[in-house]
Amino acid sequence: MSAPALRFTAVDLDRVTATVLRQVDLEVRVGERWVVLGPNGSGKTTMLQLASGYLHPTRGTVEVLGHRLGRVDVRRLRERIGLVSASVSKMLVPALTGLDVVVSAVHGALEPWWHEYGADEREAAAGLLEQAGFGYVVDRPYGVLSEGERQQVLLARSLMIRPDLLLLDEPAAGLDVGGRERLVARLATIAADPAAPPTVLVTHHLEEIPVGFDHALLLRDGQVVAAGPAEETLTDKALSATFGLDLIVGRDAGRWSCRAA
């Protein structure tokens, strides 16, 4: 069996005044699609910062694509990781077109001015937007796109490098229902593709879990409440313990939901 795409082993991460993560274990294998759920401040985004090499654990080990953090050049490692994050969006120049944002990922750049891009690369970038149903944004400035359109551009950008690991940090945050559903549908299509990379999605809401995401990790106060196959993990008891409220979990046509009991 091949090594996991991502492995956390007894991971702690300390800040100046508090421990953010405590004894976190996680294994994401090829072909798996994971969702990480938990309330605000539970450590979800911190986990993705570790997984993408922007943080190192205080204790324990993090292995990404077979390499242990602290023993690998993370700049080279990040070239194999697709990341959709608000932090990336904030760094992009608003005047860039949707196509420029996507194609510049080839060289890990935030702007296209310093590299040459061939017709094949531009065609591939446009194709990713077309596949999502957003081909019309190729010539539009990123700064005038809606939040839903921007997230689709960022997702296409993350796929442009054909990543070996895909990390999604609350990609549906701030979207209206239409934008959320279009994004969730696109992620479900990606999840159904056997050639798609192993994926970790961070969210607060069960309704944002795409069909095909088959594993879940629940996090509260930096500690794992439950982890494993989604059907075994996303239960009334586990979700109630995670969010500190009596919750009832439902599922319809492969989509999850929950409400207060």
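The largest pocket of this predicted model has a volume of about 730 Å³, where a pocket is an open set of points on a 1 Å grid over the protein atoms alone, reached by a 1.4 Å probe and with protein on both sides within 12 Å along at least five of seven lines. Points are joined across faces, edges and corners, and a volume is the space filled by probe spheres set on them. Because this is a prediction, local features need pLDDT of at least 70 and side-chain atom pairs count only at pLDDT 80 or more, while totals for chains, interfaces and linings use all residues. Residues are numbered from 1 along each chain as its sequence is written, and side-chain values use heavy atoms, with hydrogens and water left out.

**Pockets**
- The largest pocket is lined by 24 residues, of which Y54, R78, I81, L83 and V88 lie nearest its centre; lining residues have an atom within 4 Å of a point.
- Two or more residues of this lining come from each of α1 (44-51), α2 (74-78), β6 (81-84), α3 (86-91) and α6, helices being DSSP runs of H or I with at least four residues and strands runs of E with at least two, numbered from the N terminus.
- The second largest pocket holds about 390 Å³ of space, and among the 15 residues that line this second pocket, L128, Q131, L159, R162 and D193 are the closest to its centre.
- To the lining of the second largest pocket, α5 (119-131), α6 and α7 (177-191) each give two or more residues.

- In α6, 13 of the 14 residues are buried, which means under 20% relative accessible area, with exposed being over 50% and partly exposed in between (1.4 Å probe, protein chains only).
- Just after α6, R162 takes a positive phi of about 50°.
- E232 is found in helix α8 (residues 230-233) and counts as exposed because its relative accessibility is 62%.
- The C-alpha atoms of E232 and A216 are separated by 8.9 Å, although the two are 16 residues apart along the chain.
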